[in-house]
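Colleague: I have a model open and want to learn how to read it. Could we go feature by feature?

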There are 2 protein chains.
Amino acid sequence: MTYPTLRIAIIGAGNVATHLSYALKKAGNRIVCVYSRTGKSAKLLAETLQTDYCTEVELITKNVDLYIISVLDNAIETVLDKFVNCKTLICHTSGTTGIDIFKNRIENYGVFYPLQTFSKTRNIDFSTVPLCIEANNRQNEKLLVNLARSISSDARLLNSEQRRIVHIAAVFACNFVNHFYVLSEKILRTRDISFDIIKPLIQETARKILQNNPIDMQTGPATRNDTKTIAAHLELLNSWPEIKKIYSFVSQNIYKQTVDE
Amino acid sequence: MTYPTLRIAIIGAGNVATHLSYALKKAGNRIVCVYSRTGKSAKLLAETLQTDYCTEVELITKNVDLYIISVLDNAIETVLDKFVNCKTLICHTSGTTGIDIFKNRIENYGVFYPLQTFSKTRNIDFSTVPLCIEANNRQNEKLLVNLARSISSDARLLNSEQRRIVHIAAVFACNFVNHFYVLSEKILRTRDISFDIIKPLIQETARKILQNNPIDMQTGPATRNDTKTIAAHLELLNSWPEIKKIYSFVSQNIYKQTVDE
């Protein structure tokens, strides 16, 4: 299936803006302008996309089918103030900011939230990234869904509350998980043990849940209520009170959950 | 390279015992006996391995090169009490129990700790599983290292304290990570959103650290100190005080760590 290609202006030049605009361009859309407050970021992204850039919202090309706002959540409102009376479809890419932010300001609006973690140094295959879509009417919804389908096989309609819940779930499954990788690396480093030793375990832990319910995959001392091992671990963690606190707290939660199920 | 094959008795029939004995048999070793207190587990594993089983330690075949004790940490001592005056090499597979547990009881001993998460329903490719080896002398060390190399490309010598540290790191990187998958699934379930939506994110989060330092891969509201998003999330978590507490606690830790680095 082919999708109509769009003329798009990208507002923002962070990780989401960068990876999303690459994918949109690759699917045949034209990124006609990149905006960022920071000239350097705007220029860098625009050069990669072979397009124009600007550092003032007023200078963004008007001749587009869609504006995609991909800035920090608390900067969205400031950007929107510059779009009063704009008739063109505008969407943001935030998980937590509701669609209501557009209400009574903008005529045509929506949300285009890619559920993935984006880092500068990593290429992302968008074809499996879930894209969560919401819009103020059917026509705009259709346009955004078609755009989503042009880059991913997983376009979904989610309302703002569902999207916020998904974002919280993502914070646990990604940001908090990565924090535990960080702590794990830190613990190993104190004994000069390479983080490499733990990598096969991390990969298997992630792969396990592809076909299984995570609750059935829970292993470790806390699940078994192996108090002897837990006590030995807590003793070794005496020199890191913060890590010890987390160990104790999460272990208790795992045990409670095991008992509850 | 070929390795001498051994006659091995497996003491225990849990997940580690099961997966390890499969791998050892596949590499050409003979599992001559399986012991478990629970007749059913012993029988099941013995049948798969096409070998004998028993439910009393005294009945375990004496004619072996190696006993592998793979039982819960707090049951190791009770098993060892039955091996007084035994000259044959005995090892355990525990991450946290030190090698000292054998001292003044057993003549030839060691540790054979596979650093991986084992579930009943999952096949494990042992070829990349780090095997942490320790022994009471060079000869026993060599035997265990060779056995490890016959099933994995990653055999390492680790002393008991290093192994305990590795085990703690594994608790964070696996058990605690899985707990966050559990919470994530729980949060999504309250709004009837399938856990599938979060799976590409989980896979990418795990893949990212293969080539990168986890600290450089940290993303999310807490790293950015995005207090608005954090406040919105905490409000949505009001109905789950325990999850809210974890969210708040881990977010603070991530922020502190971001500032410290």
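Colleague: Which backbone nitrogen lies 3.0 Å from a polar atom of the side chain of A:His92?

Modeller: First, the ground rules. This is a predicted model, where local features need pLDDT of at least 70, side-chain atom pairs count only at pLDDT 80 or more, and totals for chains, interfaces and linings use all residues. Residues are numbered from 1 along each chain as its sequence is written, chains are lettered from A and ligands numbered from 1 in the order in which they are written, and side-chain values use heavy atoms, leaving out hydrogens and water.

Modeller: Now the contact. A polar contact is a pair of N or O atoms within 3.5 Å; within protein, one must be able to donate a hydrogen and the other to accept it, and residues adjacent in sequence count only if both atoms are side-chain atoms. Here the nitrogen belongs to A:Ser94. The side chain of A:His92 also reaches the backbone oxygen of A:Thr97, at 3.2 Å.

Colleague: Is A:His92 buried or exposed?

Modeller: Buried means under 20% relative accessible area, exposed over 50%, and partly exposed in between (1.4 Å probe, protein chains only). A:His92 has 0% relative accessibility, so it counts as buried. Contact means heavy atoms within 4.5 Å. Not counting residues up to four places away in sequence, A:His92 touches residues including A:Ile69, A:Phe102, A:Phe112 and A:Arg163.

Colleague: What span should helix α8 of chain B have?

Modeller: Helices (H or I, at least four residues) and strands (E, at least two) are DSSP runs, numbered from the N terminus. The expected span is 1.5 Å times one less than the number of residues. Helix α8 of chain B has 20 residues, so it should span 28 Å; its end C-alpha atoms are 28 Å apart, which agrees. Among its buried residues are B:Tyr247 and B:Phe249.
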